[in-house]
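Please keep the sequence and the model in view while reading.

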Amino acid sequence: MPQPFNTETSAKLFERAAQSLATGVSSGIRRNVTPVPLYFTRGDGAYFYDADGNELLDYTLAWGPLILGSNHHLLNSAIYAQLKKSYTFGAQHPGEIELAELMVQVLPGVDQVIFSNTGTEAVQAALRLARAATGRNKFIKFEGHYHGWLNNVLVSYHPKQGDPFTTQPSTAGQPPSEYADVLVLPWNDPDALKGAFERHPGSIAAVITEPLLANSGSCLPRDGYLQALIDLCRQHGAISIFDEVITGFRLALGGAREFFRVTPDLSVYAKAMAGGFTMAAVGGRRQMFDALRDGRTFHAGTYNGNSINLAAAIATIKVLREPGVYDRMHEHGNAIRVALEQSARRHNRPLVTTGAGTVFSAHFGVTRPPHDYRESLKTDEAAYTRFRALMLAHGVQLLPDGRWYIGAAHRQQELDRVIAAIERSFAELE
């Protein structure tokens with residue numbers, strides 16, 4: 001068995017934090033990632049270092065943003081250079097033009113962009129644009145898909161029961177009036193989507209989807225499903241929106257548009273696009289932004305276009321644009337997927353992995369990959385939780401939901417280390 005994982009200092013810090021910081025953490029999801037919330041003091045490359053001196057090989061990438069890893073020299077240089085010029089302007093600067101032009105160059109079918117700060121904000125901007133463009137209020141989301149924490153989208157995210165066509169609030173404090181215009185459907189089912197358009201003719205402004213269901217098991221779209229979604233939207237005068245907060249600049253330089261070879265009306269970007277800095281954007285066809293130009297709707301924010309964050313995004317995208325970066329990341333992730341599945345078979349444990357090389361999920365206790373949220377519930381969460389605790393004891397940090405993120409800082413040394421930890425953890429799991 002591995003040596004006990006020392007969390008003494010983290011435990012003391014958490015006790016202290018809970019006195020003045022509500023719940024002791026800054027984001028509710030982080031509270032139960034580990035039995036004792038870990039407090040980190042620094043990151044370097046593919047590694048995090050916590051307050052107890054533990055070195056952890058990191059496959060969380062801060063829930064996705066750290067696609068270049070920590071302490072990347074080119075990202076650091078870009079930030080240091082910009083710090084000497086400005087913190088923020090609250091006005092225009094050349095960095096806005098450079099990033100916008102860069103995104104238009106690398107994102108298929110994107111003619112123009114607008115900037116925001118977080119994925120949650122950018123999702124709201126995309127929905128507002130869709131409503132302004134169509135003059136309609138209702139929109140469709142899918143069960144198990146996450147589009148931020150605001151009341152109008154945090155519905156039917158992880159329901160434990162009920163009809164998949166039912167719109168369910170996900171937490172207390174969500175007035176029904178704020179999600180009254182949301183229609184919830186099961187994902188990967190074009191007939192369900194077609195039926196919703198038929199039941200609500202002329203009233204649906206948009207359909208928003210994660211193109212790869214990273215937030216609920218990394219489920220892949222069925223062949224032709226994403227294109228069918230886009231086609232149904234166009235047929236019924238609605239706007240198709242890809243929530244690429246996770247998949248953007250992760251599945252490929254051009255995100256899900258490039259990876260799946262489809263072109264929705266709008267896409268939302270965040271997380272990986274700025275390498276760990278707070279940055280988000282909405283991109284799409286030029287006419288999608290007509291409502292901003294003619295004054296029908298409004299997009300604003302004090303920190304939109306913040307010069308530091310834009311410098312980070314420009315530097316990150318330029319690094320990701322270098323030849324071979326995505327090939328190496330996908331190869332690394334796929335090698336881990338093979339190691340997980342092979343080790344599970346050797347130890348007589350059912351397990352499948354789903355997703356891509358740069359983001360995937362491990363499903364314990366099942367033999368078939370899930371295709372939607374309901375199917376992902378068949379995963380043996382208890383077995384994965386025990387496995388993750390063993391991996392942590394062997395110095396590998398993973399997310400609590402079975403998701404793995406791969407970044408450019410993960411190289412052969414890290415691959416050798418994680419594969420060894422996987423084999424030891426499966427052996428000890430018995």
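The model is predicted, so local features are reported at pLDDT of at least 70 and side-chain atom pairs at pLDDT 80 or more, while totals for chains, interfaces and linings use all residues. Residues are numbered from 1 along each chain as its sequence is written, and side-chain values use heavy atoms, with hydrogens and water left out. Helices (H or I, at least four residues) and strands (E, at least two) are DSSP runs, numbered from the N terminus.

**Helix packing**

- Two packed helices are described by the angle between their axes and the distance between the axes. Axes are lines fitted to C-alpha atoms, for helices over the stretch in contact, and angles run from 0 to 180 degrees between N-to-C directions.
- Angles under 35 degrees count as roughly parallel, over 145 as roughly antiparallel, 65 to 115 as roughly perpendicular and the rest as oblique. A crossing is right-handed if the near helix is turned clockwise from the far one by less than a right angle, and left-handed if anticlockwise.
- Contact means heavy atoms within 4.5 Å. In the classes used below, Ala, Val, Leu, Ile, Met, Phe, Trp, Tyr, Cys and Pro are nonpolar, Asp, Glu, Lys and Arg are charged, and the others, Gly among them, are polar.

**Helix α13 and its partners**

- Helix α12 (residues 381–393) and helix α13 (residues 412–429) have axes that come within 9 Å and cross at roughly 125 degrees; the two helices are therefore oblique to each other. Their crossing is right-handed.
- On the α12 side this contact is made by Ala383, Arg386, Phe387, Leu390 and Met391, and on the α13 side by residues including Val418, Ile422 and Phe426. Nine of the contact residues are nonpolar, one is polar and two are charged.
- Helix α10 (residues 325–346) packs against α13 at an angle of about 20 degrees, with the axes 10 Å apart. That angle makes α10 roughly parallel to α13.
- The crossing of α10 and α13 is right-handed. Among the residues that meet here are His332, Ala335 and Ile336 of α10, and Glu414, Leu415 and Val418 of α13. The contact of α10 with α13 comprises ten nonpolar, two polar and three charged residues.

**Helices α2 and α9**

- The axes of helix α2 (residues 73–83) and helix α9 (residues 307–320) come within 9 Å and cross at roughly 150 degrees. The pair α2 and α9 is therefore roughly antiparallel, and the crossing is right-handed.
- Leu74, Leu75 and Ala78 are among the α2 residues that meet α9, whose own contact residues include Ser307, Ile308 and Ala311. This contact of α2 with α9 has ten nonpolar residues, three polar and no charged.

**Strands and sheets**

- Two strands pair if DSSP finds at least two bridges between them. An open sheet of four strands has the order β1-β2-β3-β13, with mixed pairing. Its edge strands, β1 (40–44) and β13 (396–397), each pair on one side only.
- Within this sheet, strand β2 (residues 47–50) and strand β3 (residues 55–58) run antiparallel and are joined by three bridges; Phe48 stands opposite Leu56 in β3. Helix α13 packs on the sheet, where it touches β2, β3 and β13, and its direction makes about 100 degrees with that of β3.
- Strand β4 (residues 112–116) pairs with β10 in the antiparallel sense over five bridges, with Val113 opposite Gly283. Strand β9 (residues 266–269) also runs antiparallel to β10, joined by four bridges, and Tyr269 stands opposite Ala281.

**Two buried residues**

- Ser240 lies in strand β8 (residues 239–244) and is buried, with a relative accessible area of 0%. Beyond residues up to four places away in sequence, Ser240 touches several others, including Val207, Leu229 and Cys233.
- Tyr49 belongs to strand β2 and is buried, with a relative accessible area of 15%. Leaving aside neighbours within four places in sequence, Tyr49 is in contact with Phe40, Thr41, Arg42, Asp44, Asn54 and Glu55.

Technical notes: Buried means under 20% relative accessible area, exposed over 50%, partly exposed in between (1.4 Å probe, protein chains only).
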